[in-house]
Amino acid sequence: MSVQPIEAADYRDLAFPSDPRLSPDGDRIAFVRTIPTDDETKESTVYVVPADGGDPRRFTVAEGEDSEPRWSPSGDRLAFVSTRGADDDRPQLWVLPTTGGEARQVTNVAGGVSSIAWSPDGERIAFVQQASDDDREEERDIEVPEEFEPEAPDPRVVDRTVYRSAQQYFDGKRSHVYVVELGDDTPGASEQREDGNTDDEIQRLTDGERDFESPTWGDAGTLYYAERVGDDPDDSIEYEILAHDLESDDVESVHRTTGWAARLAATADGRVAHVYNDPDRSTLEPAELKVYDRASERVTTPTAPLDRTLAADVAPQWGPREEHLYAATPDHGTVPVWRLPWDDERAGGGDESESEHETPERVVDGAHVSGAHVTEAGVTVVQSDWGYPGDLFLTAGEDDSDGGTGLRRLTRLNGRYLDERAVARPEPVRFDSENRGPEPTTATGEPADVAGDVQGWLLTPPAVESAETGDGTGADDEPETGEYPLVVEVHGGPHAMWSTAGTMWHEFQTLTARGYAVFWCNPRGSTGYGSDFAAAIEDSWGPVTTADVLAGVDTVAERPDVDGDQLFLTGGSFGGFMTAWLVGHTDEFTAAVAQRGVYDLTGFYGSTDAAYRLVEDDFGVTPWEDSGRLWDASPAAYCDRVRTPTLVLHSDDDYRTPANTAELFHRGLRKHGVDTRMVRYPREGHELSRSGELGHVVDRIERIARWFDGYSDSHDVPRALDRPDDDGLSGGENGDDDAPAE
């Protein structure tokens, strides 16, 4: 079978799974399958795959974007959120009978629907919507009048410390919790009524100028949720856990704590798991999972033995008998799922004998997990690895003691594509930093058995000749050895972790297929190696990370198949910060691409969303306390030292790292005669590389490669600055209004 190299435009052919959910009987798993439909839109549809094997089948119609599939407790219905039929893309709640029949729309609310949760008796669904004071006063948060057309504010009046996030403005909206009591869901019931509805009754549970989040059921009559509190809730990570008795309508405050996101999970007997972040070091210390027991008023910390932060993509969950908690953490380049005893004594924190202690156990290990769900039948996960960008897997049941070794693959969503492509396999790299930092530890606190301080990987170009692989993971042939120019990728965060898979799979494989070796690592500041390792860049983002990244470059550049004289550099978010920092402090790199970065910490502090706490916690100051210190720690301060040709990529609607600091950096490069160009992507936010419009995702990767090609001795092409704008880009002519602006 002939195999072909992976190209940037192949992103159009890739399907990605997310949000897996095991049915109550354990027979099947629902998940969301997302695939681009054209350069601007994508199709996100609920699919179902049998747990005992078989092909996945589409379960909802391919209209709009579906998300959050949730089985009813009896399994007779599937609730989900969808934008189908919405003129303004407001997601609404839909319910579909699982034995056959059409889905019906349950809500038509002004603020849209998210965070849906079935009550244990299957009679109600809780959800969150963002509604303005006018929406609530006019009850458009209950039912939108047919003639209603929302209008953007003009002018926009801002009365909040944080008034926008991701890529949208709040515009006076607050997150509130609602419950809908479902009417008659039997097929044909709505057609029997003149108004077409089924007597669904929506009740608003919260109100006022505060934000509420994370509704989760205890018993069928008790709903827990979190309220953001503090003198200025926008300037606080403090939240209160509330218990709402739906029969009496009484609301009780049960516990107050601090955390970036509450992510509640409750039991019928009043144990509430929640996320905790240290209020003074919230960006430096790991996010812990804690449990508040209403009966004993004790707080325990199930994740304490791990010294790992919680993975943001996997919501903590109680097991089916509420004896264990399940959570995921980054750990040495993987994201495993853990089964945790909820009680400190059972985890070795009490006075019981050692034999009675129960330690955290890995139930899914060895890859990058980005979604998980637990039932009596087992644990289902979405994970990716070097050979595939994402598939569904299933373990044995909760009582099985094989530690996750029974993980079975249920899907090969991109099997045909992978069979026809040469997929490069990364080689692990361990190295000592020039400036030795904290030793990495295992997730249970023991010194890690590693050869060096920092973990990384090297990807070299694969063979593209005929190969029979048989497993859908790419070619087995060894590539011809040569000296490959090296692309160095730096991850964002800064407190994040890269693996051999995840969202960078396609970009790394594309660059390698174009003849580059690709190196990436987890320098100090990364999660997954212990709290001391993550906090090692406190007050020193640039210098410490520089030491680790350059030590890794020196290590891989010694290889005979890597050309140490052709070094290229890129990264996004904190990786964009580091790209700019490195080119301002070394001339080792031939060319660089800085993406969606932070280039001036003071400008970032004043324009970002709640992420300004990164400055307060990681550097311990505000601009008013020590502006000079923050300027000295900013890449833009060193534009006069840059000699490296540097492309700057940014999104117009990025409110996490707003474009003002990118504009400062780009202007500084131009003022000092550096080869540079800025490319701006309309309609995109901070997630461009992960979930942006297909045309923009492809264009971004192709522009990175084209910029490097123009300065590479291995690619006989002119500089991007000397080529027509669409030359070498698969999107063709970019002269229309939808093109990135330069």
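Two strands are taken to pair if DSSP finds at least two bridges between them. In the predicted model examined here, strand β17 (residues 238–245) and strand β18 (residues 250–258) run antiparallel and are joined by 8 bridges. Within this pairing, His244 has Val251 of β18 as its bridge partner, and in the hairpin of the two strands, which has 4 residues between them, Asp249 takes a positive phi near 65°.

Helix α4 (residues 505–513) is largely enclosed by the rest of the structure, because 8 of its 9 residues are buried; among them are Trp505, Phe508 and Leu511. Just after α4, a positive phi of about 100° is found at Gly515.

Side chains of opposite charge can pair when their charged atoms come close, and a search of the whole structure finds 50 salt bridges. Asp365 and Arg362 form one with their closest N and O atoms 3.0 Å apart; Asp365 is partly exposed at 39% relative accessible area, and Arg362 likewise counts as partly exposed at 24%. In the salt bridge between Arg703 and Asp725, the closest N and O atoms are 3.3 Å apart. Arg703 lies in helix α13 (residues 694–709) and Asp725 in the segment after α13, so the pair ties together parts that are 22 residues apart in sequence. Arg703 counts as buried at 3% relative accessibility, whereas Asp725 is partly exposed at 27%. Elsewhere, salt bridges that share partners join a set of residues including Asp133, Arg136, Asp141 and Arg160 into one network.

A negative surface patch is formed by Glu65, Asp87, Asp89, Glu149 and Glu151. Of these residues, Glu149 is placed in the loop between α1 (133–137) and β11 (164–165) and is exposed, with a relative accessible area of 64%.

How values were computed
Residues are numbered from 1 along each chain as its sequence is written. This is a predicted model: local features need pLDDT of at least 70, side-chain atom pairs count only at pLDDT 80 or more; totals for chains, interfaces and linings use all residues. Side-chain values use heavy atoms; hydrogens and water are left out. Patches are made of residues with over 30% relative accessible area and no salt bridge: like charges are joined within 9 Å, nonpolar side chains (Val, Leu, Ile, Met, Phe, Trp, Tyr) within 5 Å. Accessible areas come from the Shrake-Rupley method with a 1.4 Å probe; for residues, only the protein chains shown count as cover. A salt bridge is a side-chain nitrogen of Lys or Arg within 4 Å of a carboxyl oxygen of Asp or Glu. Lys and Arg count as positive and Asp and Glu as negative; His and the chain ends are not counted. The place of a charge is taken as NZ of Lys, CZ of Arg, CG of Asp or CD of Glu. Buried means under 20% relative accessible area, exposed over 50%, partly exposed in between (1.4 Å probe, protein chains only).
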